[in-house]
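Keep the structure open and find each residue as you read.

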Amino acid sequence: CVISCMKHLWLILFIIILGSCDERIEYSLITTVIPPEGGIVNPSSGTYKENADLSVTATPDSTYVFSGWSGSVTSNDNPLSLTMDVNKELSVEFISTMRSLKLNIFGEGLVEKRVDGNLVNDSLFVVGQTIELTAVPEKDWVFDKWIYPETSINPISVTISKDTTLQVKFMRYFNYKIPSHDWENYSMPWL
């Protein structure tokens, strides 16, 4: 009876140990951010039980916007709902909202750039941002015109929608004074 009881006890213990083992399959999630400075993904990677439901969120940096997901899933949803039924690799793409403003200066002078009244020295601006540009001539030079866009108004305002190149022209200022002469008392020696 002792041996029989021991066999039953081992059998019960074996069933308990076997039943407590969770042999569910796990799958991995790997994400890539394009470009890396464009933002972050949460969760960025990990291992998950089979059929686990996940919500993956892409958060863009302040100068980028979310564009979409590619890889194991193609979607524009954010956050993205996933069921982990296979290993998944996702890429998230962010698009920069920054555009360049290039200034070509002909002659001697500079261009002051102001955003919301504040002087800035940037060359990259957010799409939709308005920049006030003031052409400031150097000594002995004067503002002539903006070549592109064609205008003699100064300052001008530009709203950024794409990479932009503007041109400004300064002219040398000649201030010649004709010397005064006493013409009544002037004699012409050759006469």
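1. **A strand pair to start from.** Strand β9 and strand β12 (residues 130-137) pair in the antiparallel sense, over 6 bridges. Two strands count as a pair if DSSP finds at least two bridges between them. Val111 stands opposite Ala135 in β12.

2. **Ground rules.** This is a predicted model, in which local features need pLDDT of at least 70 and side-chain atom pairs count only at pLDDT 80 or more, while totals for chains, interfaces and linings use all residues. Residues are numbered from 1 along each chain as its sequence is written, and side-chain values use heavy atoms, with hydrogens and water left out.

3. **Overall make-up.** The chain holds 1 helix and 15 strands. Helices (H or I, at least four residues) and strands (E, at least two) are DSSP runs, numbered from the N terminus. Of the 191 residues, 24% count as buried. Buried means under 20% relative accessible area, exposed means over 50%, and partly exposed lies in between (1.4 Å probe, protein chains only).

4. **Surface and contacts.** Now take the contacts with a separation of 6 or more: residues 24 or more positions apart account for 57% of them. Contact means heavy atoms within 4.5 Å.

5. **Back to β9.** Which side chains of strand β9 (residues 109-115) point to the buried face? They are Gly109, Val111, Lys113 and Val115.

6. **The hairpin.** β9 also runs antiparallel to strand β10 (residues 118-120), joined by 3 bridges. Arg114 has Leu119 in β10 as its bridge partner. The hairpin has 2 residues between the strands, and Asp116 takes a positive phi near 55° there.

7. **The largest nonpolar core.** Such a core is a set of buried Ala, Val, Leu, Ile, Met, Phe, Trp, Tyr and Cys residues joined through side-chain atoms within 4.5 Å. The largest one has 17 residues. Leu29, Leu54, Val56, Trp69, Leu82, Leu90 and Val92 touch the most other members. Five strands each supply at least two residues of this core: β1 (26-34), β4 (52-60), β5 (64-71), β6 (80-84) and β7 (88-96). Another core lies apart from it, with 15 residues, among them Leu133, Val158, Ile160 and Val168.

8. **Leu29 up close.** What does Leu29 touch, leaving aside its neighbours within four places in sequence? Its contacts include the core residues Leu54, Val56, Leu82 and Leu90. Pro43, Tyr48 and Met84 are also among them.

9. **Aromatic pairs.** Rings of Phe, Tyr and Trp (its six-membered ring) pair if their centres lie within 6.5 Å; planes under 30 degrees apart count as stacked, over 60 as edge-to-face and the rest as tilted. The count is 3 pairs. Phe143 and Phe170 form an edge-to-face pair, 6.5 Å centre to centre, with 75° between the planes. Phe143 lies in strand β13 (residues 141-148) and Phe170 in strand β15 (residues 164-172), so the pair ties together parts 27 residues apart in sequence. Both are buried: Phe143 has 19% relative accessibility, and Phe170 has 3%. Ring pairs link Phe143, Trp146 and Phe170 into a cluster.

10. **Salt bridges.** Side chains of opposite charge can pair when their charged atoms come close. A salt bridge here is a side-chain nitrogen of Lys or Arg within 4 Å of a carboxyl oxygen of Asp or Glu. The count is 5. One joins Lys49 and Glu26 (3.3 Å, N to O). Lys49 lies in strand β3 (residues 45-49) and Glu26 in strand β1, so this pair ties together parts 23 residues apart in sequence.

11. Glu112 meets Arg114, with the closest N and O atoms 3.6 Å apart. Glu112 is partly exposed at 25% relative accessible area, and Arg114 is partly exposed at 26%. Asp144 and Lys169 also form a salt bridge (3.7 Å, N to O). Asp144 lies in β13 and Lys169 in β15, so the pair ties together parts 25 residues apart in sequence.
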